[in-house]
Amino acid sequence: MITCIGTITKDIIHFKNKTKERLGGAPFFFHQACQKLGVTPQIVSKAGKNLFPHFSKCIGLQEGVTTTLEIFESESETKCVCKSYSGPIDVLKIPSDLLDADIVFISPLYGDINIPNVKGKIAIDLQGFMRPDEQILCDHNKKAPGNLDALLRKTHILKCNEQEARTIFGNMPIKSMIQAFRLLGPKI
């Protein structure tokens with residue numbers, strides 16, 4: 001079993017004089033993948049009660065404010081402003097059976113989730129640990145987390161993109177960056 005801990009978001013996207021709303025965030029996409037695989041998702045996230053019907057077969061959803069992101073896209077840049085924030089998830093309040101999964105996938109919004117002690121493997125999405133503390137998100141604002149070495153020592157599976165890897169390792173060849181990550185902890 002896999003548990004996903006992260007932030008479900010309501011995204012308001014402005015692009016080419018059109019506005020649309022959709023759900024987002026790693027737990028939402030994790031939920032969709034589980035449904036396609038016929039697996040009951042274990043998700044730990046905070047969301048407003050109005051979102052609960054979208055996750056009717058989900059285990060672990062917590063009531064709270066829905067994190068809402070307003071995204072302004074143009075041909076050349078994207079700007080994202082956080083309009084409401086559900087706050088950090090307290091790992092001490094997560095039922096132990098959700099943390100006893102084979103894999104615990106952690107994908108925070110602002111690095112706001114402490115890595116819990118788990119029996120299985122820890123997978124992280126580096127994106128959520130690399131955003132600045134302020135409420136404005138932009139790719140060019142990404143920076144390596146101050147606790148990167150400690151974070152990666154606890155990590156078995158790492159998800160990151162090339163830009164995030166380059167923020168940490170500079171202009172290394174991709175294969176060299178992968179080896180450098182492996183030396184720090186993650187094997188996958």
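Visitor: What does helix H1 lie across?
Guide: In this predicted model, H1 (residues 26–37) lies across strands S1 (2–6), S4 (42–47) and S8 (103–107). H1 runs at about 155 degrees to S1. Axes are lines fitted to C-alpha atoms, for helices over the stretch in contact (heavy atoms within 4.5 Å), and angles run from 0 to 180 degrees between N-to-C directions. Helices (H or I, at least four residues) and strands (E, at least two) are DSSP runs, numbered from the N terminus.

Visitor: What's the strand order in the open sheet?
Guide: S5-S4-S1-S8-S9-S11, with parallel pairing. Two strands pair if DSSP finds at least two bridges between them.

Visitor: Which strands stand at the edges?
Guide: S5 (59–63) and S11 (157–159). Each has a single partner strand, so one side of each lacks a neighbour in the sheet.

Visitor: Switching to charges. How many salt bridges?
Guide: The structure holds 7. The criterion is a side-chain nitrogen of Lys or Arg within 4 Å of a carboxyl oxygen of Asp or Glu. One of them joins Asp125 and Lys159 (3.3 Å, N to O). Asp125 is in S9 and Lys159 in S11, 34 residues apart.

Visitor: Is Asp125 buried or exposed?
Guide: Buried, at 5% relative accessible area. Lys159 is partly exposed, at 43%. Buried means under 20%, exposed over 50%, partly exposed in between (1.4 Å probe, protein chains only).

Methods: Residues numbered from 1 in each chain as written. Predicted model: local features only at pLDDT ≥ 70, side-chain atom pairs only at ≥ 80, totals over all residues. Heavy atoms only, no water.
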